[in-house]
Amino acid sequence: PASAAGHRRRPAPLAPQFPDWPERVTVDDYLAGGFEMTATSALSFRRDCLLKALPIPERMRFLYADDYLTLHALFQGPAVCLTSALALHRIHGANYCAGGLLGNPKKLAADLEMGAIYEEKLNEFLNRSGKDLSPAFRRRRELELLRRKLLLAMHQGRRGAAFTIWLSGLMRSGLSPFGLFRLATCALALLSPSLYLSLYESYAASASAKAARRAVVPS
């Protein structure tokens, strides 16, 4: 009813949070792990650049399309980052990413499927250009993939498979401080995924906690 609609609470704006982007970004910045990509709605491309990137691989239905376009653009030339809020994004219960990824097995499975397609395209670009990811960035990506595979296995009740994934990560981590930190936190997920996710959400929402982790255990 119109009368009820008039009394609905207006949505509360959230303070914009931007990564620490440099003003100018090159493909080498990304390959070094120094550039955090953003969502499709925050991207703008020159027409000639976009035409070279399209079409987006059909199997990459809705996840990683933004990363694919950004990657394609960076291999064509540098990009500029604007930290002004130039668009609005409405967050509600039906947003695909509003409810998080790590706690939803269907979303995790889709992420792993489409992430593998993105990885194929990334390797194609690297092979053609003769470039490669920095060792540190590659390790971070491998550890994140391990975490997602482990959590999916736990959500699906495959505890033995989850432990095997964790153990393989331990053998490949090289005993780096960040690798051991990530594996230690993932060990908690082996005991209780819900407790792990609760603690992770608190950590992700705390700028001071993340700053402390970076100071003690740099990635």
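Q: Which ring does the charged end of Arg147 sit over?
A: In this predicted model, the charged end of Arg147 sits over the ring of Tyr200, 4.6 Å from its centre. A second case is Arg141, whose charged end sits over the ring of Phe137, 5.6 Å from the ring centre.

Q: Which residues do ring pairs link into a cluster with Tyr200?
A: Tyr200 is linked by ring pairs with Tyr196 and Tyr203.

Q: How many aromatic pairs does a search of the whole structure find?
A: The search finds seven. One of them joins Tyr30 and Phe137, with 5.5 Å from centre to centre and 85 degrees between the planes, which is edge-to-face. Because Tyr30 lies in helix α2 and Phe137 in helix α6, this pair ties together parts that are 107 residues apart in sequence. Both Tyr30 and Phe137 are buried.

Q: What are the distance and the angle between the rings of Phe75 and Phe125?
A: Their centres are 5.0 Å apart and their planes are at 15 degrees, so the pair is stacked. Phe75 is partly exposed, with a relative accessible area of 22%, whereas Phe125, at 8%, counts as buried.

Q: Which residues of helix α9 are buried?
A: They are Pro193, Tyr196 and Leu197. Seen down the axis of α9, the buried residues fall within an arc of 95 degrees, so they line one face of the helix. These buried residues pack against α6 and α8.

Technical notes:
Residues numbered from 1 in each chain as written. Predicted model: local features only at pLDDT ≥ 70, side-chain atom pairs only at ≥ 80, totals over all residues. Heavy atoms only, no water. Buried < 20%, exposed > 50% of the residue type's maximum accessible area, 1.4 Å probe, protein only. Helix = DSSP H or I, 4+ residues; strand = E, 2+ residues; numbered from the N terminus. Arc of directions from axis to C-beta. Contact = heavy atoms within 4.5 Å. Phe/Tyr/Trp six-rings, centres within 6.5 Å; stacked < 30°, edge-to-face > 60°. Lys NZ or Arg CZ within 6 Å of the ring centre and 35° of its normal.
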